[in-house]
Amino acid sequence: MNVTANKSASAVHLPTPEERPDADVVIYDGDCRFCTAGVRRITWFDRSGRVAFLSLHDPRVAEKYDDLTHEQLMEEMYVIDRHGNRHAGAAGFRYLTRRLPALWILAPLMHIPFSMPLWRWAYRQIARRRYLFGKNKKDDGCDGGTCHLHYD
C-alpha cells in the first residue's frame with residue numbers, strides 16, 4: 001500500500017457511542033493495525049449509521065462495560081447491541097451480517113446450521129495472530145511496539 005493510501009485509510013472517522021447513542025457498539029483493539037483496519041471497513045459497510053466504535057483501551061470501556069474484563073476484550077472483539085446484549089468474536093461478526101445491509105450477502109454463510117464452532121475456531125486463530133498480521137513490512141514493527149508485547 002502506498003503512503004497516500006495509508007493516509008486516506010487512517011483519516012476514516014470512527015463514530016463514538018456519544019455521536020451515535022442508539023447504535024450498536026463495536027469494542028476492538030485500537031492498538032492493533034489489523035483490527036483498526038477491520039473496523040474502518042465496517043464503517044464503509046455501515047451506510048445507515050448503525051454502529052459506533054470504542055477501542056478496548058479507552059477508559060470509557062471499563063466505565064460502561066465493567067462486566068467485560070481486559071483479558072476478554074484482548075481475546076476477541078465485542079459487539080454490544082442496542083439492547084445491551086454482548087456478541088463476542090465470530091458471533092459479533094455474525095450479528096453484524098444481519099445488522100448491516102451491505103453485509104447481508106455474508107449472512108447465509110455465517111448462519112449455516114452447526115457452523116458456529118468452525119467460525120469461532122477461525123476467529124480465534126486470526127485474533128491470536130492479529131499483531132503479526134498488522135505489522136508494517138517497512139519497519140517490521142507496530143505502532144508503539146505493540147507487536148513486540150505479544151510476539152517477542
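How many aromatic pairs does the count come to by the ring rule used here? The count comes to 1 aromatic pair, where rings of Phe, Tyr and Trp (its six-membered ring) pair if their centres lie within 6.5 Å. The two partners are W44 and F45, and their arrangement is edge-to-face (planes over 60 degrees apart; under 30 is stacked, the rest tilted). Their centres are 5.1 Å apart, with 80° between the planes.

Before going on, a word on the model: it is predicted, so local features need pLDDT of at least 70 and side-chain atom pairs count only at pLDDT 80 or more, while totals for chains, interfaces and linings use all residues. Residues are numbered from 1 along each chain as its sequence is written, and side-chain values use heavy atoms, leaving out hydrogens and water.

Buried means under 20% relative accessible area, exposed over 50%, and partly exposed in between (1.4 Å probe, protein chains only).

| Residue | Relative accessible area | Class |
|---|---|---|
| W44 | 53% | exposed |
| F45 | 25% | partly exposed |

Now for the sheet. Helices (H or I, at least four residues) and strands (E, at least two) are DSSP runs, numbered from the N terminus, and two strands pair if DSSP finds at least two bridges between them. Four strands make an open sheet, ordered β2-β1-β3-β4, with mixed pairing. β2 (51–55) and β4 (86–88) sit at the edges with a single partner strand each, so one side of each has no neighbour in the sheet. From one strand to the next, the twist averages 25°. β1 (residues 24–28) pairs with β2 in the parallel sense over 5 bridges, and D24 has V51 as its bridge partner in β2.

Helix α2 (residues 33–45) lies across β1 and β2, at about 160° to β1. Such angles run from 0 to 180 degrees between N-to-C directions, with axes fitted to C-alpha atoms (for helices, over the stretch in contact). Helix α5 (residues 90–99) packs on the sheet too, touching β1, β2, β3 (78–80) and β4; contact means heavy atoms within 4.5 Å.

What about the inside? Not counting residues up to four places away in sequence, F53 touches several residues, including L14, V26, V39 and I42.
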